[in-house]
Amino acid sequence: MKKLTFLTTVLILVVVSIGLHAQNLKLNDLEYLETQGVNVLVYSNLFTGGFNDEKNAGIEMIHHGVRTVQGGAVRLSNTPEQWDLVPEILNRKVNAASQTIEATLRYKDYDFDSRVVVTAKGKGVEIAVYLDKPLPQELQGKAGFNLEFLPSQYWQKTYLMDGRYNRFPRYVVGNSVTRPDSEKPKQFKGYKTSDDRGTGKFIDPLPLETGRSMILAPDEPSRLVKITSQDADLMLYDGRVLAQNGWFVVRSILPSGKTGKVLTWNVEPNAIPGWIREPNIGFSQVGYIPSQTKVAVIELDKKDKPAAKASVHKLNDDGTDSEVFSGNITAWGNYFKYNYVKFDFTSVKTPGIYYLKYGNLKTNNFIIDNDVYKEMTDATSDIWIPIHMNHMVVNEGYRIWHGEPFKEGYLQAPPNTDHFDLHAQGPTTDTKYKALELIPGLNIGGFFDAGDFDIETGANINVVQNFVHTWEYFKPMRDQTFVDQKQRYVDLHRPDGTPDVLQFIEHGTLNLVAQAEKVGHMTQTLSNAVLDNYHHLGDAASITDGLPYNPKLGPYEIAPDGRSSGVKDDMWAFTTRNPALDLRAATTFAAASRALKGYNDDLSARALAQSKRLLKEATELLANQPTDTSRWRRFANVGTNLQLFIATGEQQYKSKFEEILWPALDRSVTFNLLTALNAIPHMDDSFKQKLRPYVVRYDDYIKGLEKSNPYGVPIELGNWAGSGAITNFGTTICFARKYFPDVIDSSHVFKVTNWLFGCHPYHNYSLVATVGATRPKAVFYGNNRADFSFIPGNVAPGVLFRKPDHFENYDDWPFLWGQNEGTIAGNTSYLIFGSAFKDLVK
């Protein structure tokens, strides 16, 4: 008892002493509330993502550099899932005089509006909910105000509820009940996130604790938050009961039958006195070759005074270390939230193991050697890519990554279907098949798109094109994967005598050609029909039961002969025709036909035939479309004509390519230059000379990036981080340097590897799984994300921008796809970049 009393006293003293020194929150010019160490964002980021609740919106809090809180809003469930309804933000008003930010939230499905007003009050904020009309009857007991806390920043830490002690669980625990489906709030377009197995009931988590005053993490000052409620109970929920990507939720139910100010919370996040964010020393975790430019970019708190110098230290063979270089820090300037300086240590060229020191900080060690980049793509090609081969069993040693998925094939998606993955089936099928009729022959080849198990046709087109380019330019003979299409079996780390990239080209082309032949054009996607198996985590083969759906059977019933079932889990083919997609497929088919000639001659011939047919049909369809919808597609078949010219040698394709290339370059040199560079080996010298001014323009673009951000690469500021754009930027530099070495300096391409391998905002971890021996990212949004793990070779989208000034990349929480989900298109773009980069380094 004495020990418990002593602990209580210590915790109270910690909370009180910290609170006494915290500074007041104030509204800044970027329209959020801040003090040093705490930013409170109020609907700076809206619920407008393509996938409903992306855990990136609402009232958010960046607490000592980490976004630990989001989702602050009136919500309709205790632990909102991704496809639960999210409020539309009708307006946002900022009042500097009263230090308030106000927003009106609407759920149009229920004709329900609320107003949330956040006011700076001393060291914290008051959050108030106003109603102009009483709650609709169907939302009574359901509508409440929620605030969500990042589990990985709170688990295993303590909390107090009305003075009662407890600890946030590392793994989901807690009680739940089931309720009739009729009581469940509506979800996105009527879809259901769970399979109730015919019970007619849904799972409803119960609170872990209830009270009027809560202190989160009194044992960790950087995460300490105090919440008090004047009007209603605070309830703590664990959102992981329903979904692995759920957050801890603090919630109060809105009262029934009341209007005006119906709920008031006071939220006081602790600000550590004198806190300054630790410098982030950006450098390449993989290392450097002796001859390259070596520049570390150091990200600093704006209140941090830059040091005058930094140093390089060499680890000696006897375990000691010694300083080998000391140099001046040079200022770059402010970029969004932080200040940036640079440290150039290019003069350090002797092979060895080193680390950087800035002030009292030491980095991980890195290697300087001529071979540091030699294996940069091996994990991607040997492991990540083959694991994502669809319609195959994939084995690695003692482990089966997945069995053979979708043996039952794909059904025709019904007309007028809006899909939860941003696809839609139009008013007709655009095929000869009836709704829910089996389209034979589609369950062959192809690659899973990303952390899910669908075949995104557009992505798979890019994938095969990337493989073909890699094969034709660099002829990688690497063979570490056994692939048997007849057995539908893949075995990792087992050579089979055939170059892996050639087998990847075959596998992707098999599915795309099957689409063209069986459907008549390219599908939008081959994807899940029901939401409850779209978010599947685990073996892809267990998404469906492997049996065709039989409408004559009852739900979950299996036919006596074991060949069909009443389970509506079959995958669908979304077949609304898109001629622009057909054009892209025609480009890829022409390229694949060349690569496959002599290896799989039958598939090569089929691909070329489909290329010619789709080019003709798609061009005619686009020509008949209204100008306002096809204007942006005028240059869509530049690459198609080039690839057909290379494949056939027919002059008609060469002439058409040149006719449309130059206007396309005038319109966007950054977008179209790589296609033009790919043509150089197949054109005469006059073509290259005509291209030169465009390469000069691209060089100006490269140099301009040095002024736009401290890293000198094209940084994306959208809802998906920009590793893909940066790798494509690097590939373009490599080929431009190859053909125009007097215009493009090779040093620019090392900015790309530096970024990918650790020289970027937020942290300095390599964005490529297992690449960067000292500190690659540890968690990714892959199909094994529930294990807080990674698939080797995965390339993260990277550092995600959150308005108005925050970059982030979680490495303790994999579930935000915009920053952690590697895709098949992105990872194969990395493969071709890595191949081109290694060729340049030679």
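R251 and N78 meet through their side chains in a polar contact of 2.9 Å, where a polar contact is a pair of N or O atoms within 3.5 Å; within protein, one must be able to donate a hydrogen and the other to accept it, and residues adjacent in sequence count only if both atoms are side-chain atoms. Keep in mind that this is a predicted model, so to speak of local features takes pLDDT of at least 70, side-chain atom pairs count only at pLDDT 80 or more, and totals for chains, interfaces and linings use all residues. Residues are numbered from 1 along each chain as its sequence is written, and side-chain values use heavy atoms, with hydrogens and water left out.

**Confidence**
- Mean pLDDT (the predictor's confidence in each residue, from 0 to 100) is 94 for the protein, with 96% of residues at 70 or more.
- Residues 1–20 fall below 50, and beyond near neighbours in sequence this stretch has 14 contacts in the model; contact means heavy atoms within 4.5 Å.
- Another stretch under 50 covers residues 628–632, with three contacts beyond four places in sequence.
- Where pLDDT is low, the predicted coordinates should not be read in detail.

**Overall build**
- The protein has 17 helices and 41 strands, taken as DSSP runs numbered from the N terminus (helices are H or I, at least four residues; strands are E, at least two).
- Its radius of gyration, taken over C-alpha atoms, is 28 Å, close to the 28 Å from the globule rule for 842 residues, so the protein is as compact as a globular protein of that length; the rule is 2.2 Å times the number of residues to the power 0.38.
- The C-alpha trace spans about 85 × 80 × 55 Å along its principal axes.
- Of the 842 residues, 59% are buried, with buried meaning under 20% relative accessible area, exposed over 50%, and partly exposed in between (1.4 Å probe, protein chains only).
- Among contacts with a separation of 6 or more, 68% are between residues 24 or more positions apart.

**R251, a buried arginine**
- R251 sits in strand β19 (residues 248–253).
- R251 is buried but has no salt bridge, and D204, the nearest side chain of opposite charge, is 7.7 Å away.
- For the record, a salt bridge is a side-chain nitrogen of Lys or Arg within 4 Å of a carboxyl oxygen of Asp or Glu; Lys and Arg count as positive and Asp and Glu as negative, while His and the chain ends are not counted.

- L603, in helix α8 (residues 601–623), counts as buried at 0% relative accessibility.
- L603 touches E506, T509, L510, V513 and L596, leaving aside residues up to four places away in sequence.
- V513 is 90 residues from L603 along the chain, yet their C-alpha atoms are 8.2 Å apart.
- Buried residues of helix α12 (residues 669–679) include V669, N672, L673, A676 and L677, and the cover over them includes α4, α10, α11, α13 and α14.
- At the start of α12, a side-chain oxygen of S668 comes within 3.2 Å of the backbone nitrogen of F671.

- K803 and P804 are joined by a cis peptide bond, with omega about 0 degrees; P804 is in the loop between β40 and β41.
- D111 is not a glycine but has a positive phi of about 50 degrees; this residue lies in the loop between β7 and β8 and is exposed, at 56% relative accessible area.
- A217, also not a glycine, has a positive phi near 55 degrees; A217 lies in the loop between β16 and β17 and is buried at 0%.
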